[in-house]
Every structure is written in structure tokens, then in C-alpha cells.
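Look at the sequence and the fold shown below.

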Amino acid sequence: MIETIKKAVQEKLKDHPNRLVHVMGVYETSTKLAKIYGLDVEKVGIAALYHDYAKYDTIEEQIKYLDLATIKAYAETPVIYHGFAAAESLEHHFKIHDEEILNAIKYHVWGRIGMSDVEKVVFISDSCEPSRKFYEAKVICKLAEKNLDLAVEAAMKASIDYLIEKEIVPSQEQMEIYTYYVEVNRGKTR
Ligand SMILES: [Fe+2]
């Protein structure tokens, strides 16, 4: 299954070589973390490979298979659609209905409150895989080997800081999710 999905993703992103390098980096980092934490490596691998599958589809293509509630919920932040569209595509083309895999793909941009470890590992790896060159990336990946929740918080903070630097106001939902993980980690030594 992994090899078939890998081929489909390579074909889909063939005109976006940097994105493909990123996706393979997410695959490498997340499967490594999956082994450390005794998670299902195949599940993590599938989610990692497929998470950006719909990244370069037009918004029209992305929302074609989404329900109205999802379309409305993220009308102000359409960057979210590509995750939902990729999850739909995986279900449709590969008949994969595993909720952890689908959630890891759907929510890979901001994460979500109450992520499973499979979701956390994909979320963190998307932020810190080797082709991510921002300063904190290495710190986040190292932290992930010690504690997933601390790494989730650090990855969220890096993405919020990036938005602020670009003078983009993070969405309320993104801030709520971040605040949730700050709470989860309260009192932990870093
Ligand atoms: Fe990604």
C-alpha cells in the first residue's frame, strides 16, 4: 500500500520538486518518530505521504468533495481546504477510512484539540522535517524525540510567530488549539 501511495504522490507532485522533497522529509521524520513511540508506522507513513496531495489543486477542485459545513467553516482561511481535500481523495481513491490517518491529513495545518499520537507525529514532522530551514526546526524535531506534546506546542508557536512576522493575524481556531497545548504542557520541564 505504501509503495502505491508513494507513486501516486510522486506523480501528482511531479511539477513541484521542492514540495516532493518536503513530503519525503515528512515521511522520513514521522516514521522515525513512529518507531520511537511504538506507533503504527504504516498509518503514519500513509498520512505523511498524502498530507499535501491536494496542495496545488485549485480552490474549486479542493472544495468539490467537501461538505458545506467545512467549506463555510474555513471560508476565511481557505489554506485549510487542501488537508480536507487530500483526506477525501485518500478515502475515495484508496478506500482508506482509518480515522487517525484521515484526521492527521485533515488537520495537519493547525493541528487540532485532542490529537492522537499518530496525528501529533505527522503534525510535528510537517513543521520540522530536514528541508525546513527555519531556526527552530531542529529544536522541534529534537524535542519530539523526548515529548510529543512539547514539540506540538513548539511547532504551533513557530507557525503563529511566522504569521505574526508576516503581519497576518492567526485565526481564532488556531489560537485556541495552541492555547490548549500550552495548557496540556503546563508545569512540564522543557
Ligand atoms: Fe506539508
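At what angle do helix 8 and helix 9 pack, and how far apart are their axes? The angle is about 155 degrees and the axes are 8 Å apart. That makes helix 8 roughly antiparallel to helix 9 (an angle over 145 degrees). This is a predicted model, in which local features need pLDDT of at least 70, side-chain atom pairs count only at pLDDT 80 or more, and totals for chains, interfaces and linings use all residues. Residues are numbered from 1 along each chain as its sequence is written, and side-chain values use heavy atoms, with hydrogens and water left out.

| Helix pair | Packing angle | Axis distance |
|---|---|---|
| Helix 2 (residues 17-36) and helix 8 (residues 117-128) | about 135 degrees | 8 Å |
| Helix 8 and helix 9 (residues 137-146) | about 155 degrees | 8 Å |

In the contact of helix 8 with helix 9 (heavy atoms within 4.5 Å), Ile124, Ser127 and Cys128 meet Ala137, Ile140, Cys141 and Ala144. These residues divide into six nonpolar, one polar and no charged.

On the other contact, His22 and Val26 are among the residues of helix 2 that meet helix 8, where Asp126 is one of the partners. The residues there divide into six nonpolar, four polar and one charged.

His22 and Asp126 also coordinate the iron ion, together with His51 and Asp52, at 2.1 to 2.3 Å. Donors are N, O and S atoms within 2.8 Å of the metal (3.2 Å for Na, K and Ca), and water is not among the atoms, so sites may look incomplete. In sequence the donor residues are spaced H-x28-H-D-x73-D.

Conventions:
Axes fitted to C-alpha atoms, helices over the stretch in contact; angles between N-to-C directions. Helix = DSSP H or I, 4+ residues; strand = E, 2+ residues; numbered from the N terminus. Nonpolar A, V, L, I, M, F, W, Y, C, P; charged D, E, K, R; others polar. Parallel < 35°, antiparallel > 145°, perpendicular 65-115°, else oblique.
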